[in-house]
Amino acid sequence: MRRFILAVLMIVAWSAPAALAGGLSVVPPGNRNAEQPKVPGASVRRTKAGRTTFDDKYEKIRDLLASDKTLIGKIKQTARQYDIDPIHMIGAIVGEHTYNVDAYDRLQSYYVKAAAYAGDNFRFGYKNENIGDFVARPEFSKCSGFNDSYRLWTCREGVWDRVFRGNTVGGVGYPDNRFSAVFFQPFFAGQTFGLGQINPLTALMQSDMVARRSGYPKLDPSDASDVYKAIMDPDKSLAYIAAVIRRSIDDYAEIAGMDISRNPGITATLYNIGNSAQRASALASSGRSWPEENYYGWLINDKLNELKSLL
């Protein structure tokens, strides 16, 4: 029942005008939690395995950004295209490289890594079924009315969760795991790439916005290599980082009636955990005053003055 209510709220919100000129509750800056929320065990184990610390990783990505004025210039330019403060993009990049991956020592290493995958031939699918055939099943017919890539893939993700996830359908057993992990990560589950550590499903969701605002070609799920090149190339990946943040700000405005654009810790939290439309709906129905930052967003707000100095 709760999922049904959330779905109705999102459909109603998506049917409303895209821009809400006024009447939004402005989420105040700073952290709601006095102390940092607990960091997940997986992040702790990954950092220990790399024989490093969160402090060391934070300092490494901070120093990379501080030493690369060209990258900072590109971040500022991209932020203007998406009408967001560039500190939101800084927060997303710093959070990912502090808690999820180690930063390379220089930006050129990201280009080299992207080029290494450019010629690979792989596909998105599960077992013998590619993603195109899978979403052509009748269970996904309700999603065909959505032309925007965000709504289309969000609808498909919802069908996966309700119908296929952890169930046997048509004689095929499907894992109890996220849609992105099962169908969109041909190397291993949980793998993300590039400056923004974006997964392919997220990139597909933002494809239309990126095409409109940055002019990059729309992504095709049948061309997995091209999707990976888009999210690994540092220049292109900045557009997808900005699009995810723009979308979360819009979702909270349209669905929850809240302006989160002045709190980089909240946008960083949503960048980390995803599903901004569902979370905005849940917040709207909960009666809570404000969204709260998680461990990832808490760090960004805590280090905000230092991170702003990078710009």
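Predicted model: local features only at pLDDT ≥ 70, side-chain atom pairs only at ≥ 80, totals over all residues.

Reader: How are two packed helices described?

Author: The angle between the axes and the distance between the axes describe two packed helices. Here, helix α13 (residues 234-256) and helix α14 (residues 264-273) have axes that come within 10 Å and cross at roughly 110°. Since angles of 65 to 115 degrees count as roughly perpendicular, α13 is roughly perpendicular to α14. The crossing of α13 past α14 is right-handed.

Reader: Which residues of α13 and α14 make the contact, and how do they divide by class?

Author: From α13 the contact draws on Ile241, Val244, Ile245, Ser248, Ile249 and Tyr252, and from α14 on Thr267, Leu270 and Tyr271. By class, the contact of α13 with α14 comprises 7 nonpolar and 2 polar residues, with no charged residues.

Reader: What is a disulfide, and how many does the structure hold?

Author: A disulfide is a covalent bond joining the sulfur atoms of two cysteines. The structure holds 1 disulfide. It joins Cys143 to Cys155, with an S to S distance of 2.1 Å. Cys143 is in the loop between α7 (131-135) and α8 (149-164), while Cys155 is in helix α8, so the pair ties together parts that are 12 residues apart in sequence.

Reader: What is the handedness of the disulfide of Cys143 and Cys155, and are these two cysteines buried or exposed?

Author: The torsion about the S-S bond of Cys143 and Cys155 is about -80°, so the disulfide is left-handed. As for accessibility, buried means under 20% relative accessible area. Cys143, at 1% relative accessibility, therefore counts as buried. Cys155 is likewise buried, because its relative accessible area is 11%.

Reader: Where is Phe134 found, and is Phe134 buried or exposed?

Author: Phe134 belongs to helix α7. Its relative accessibility is 0%, so Phe134 counts as buried.

Reader: Which residues is Phe134 in contact with, leaving aside neighbours within four places in sequence?

Author: With those neighbours set aside, Phe134 is in contact with Glu129, Phe140, Trp160, Phe164, Tyr174, Phe179 and Phe183. Phe183 lies 49 residues from Phe134 along the chain, and their C-alpha atoms are separated by 9.5 Å.

How values were computed
Residues numbered from 1 in each chain as written. Heavy atoms only, no water. Axes fitted to C-alpha atoms, helices over the stretch in contact; angles between N-to-C directions. Helix = DSSP H or I, 4+ residues; strand = E, 2+ residues; numbered from the N terminus. Parallel < 35°, antiparallel > 145°, perpendicular 65-115°, else oblique. Left-handed = near helix turned anticlockwise from the far one by under 90°. Contact = heavy atoms within 4.5 Å. Nonpolar A, V, L, I, M, F, W, Y, C, P; charged D, E, K, R; others polar. Disulfide = S-S within 2.5 Å. Buried < 20%, exposed > 50% of the residue type's maximum accessible area, 1.4 Å probe, protein only.
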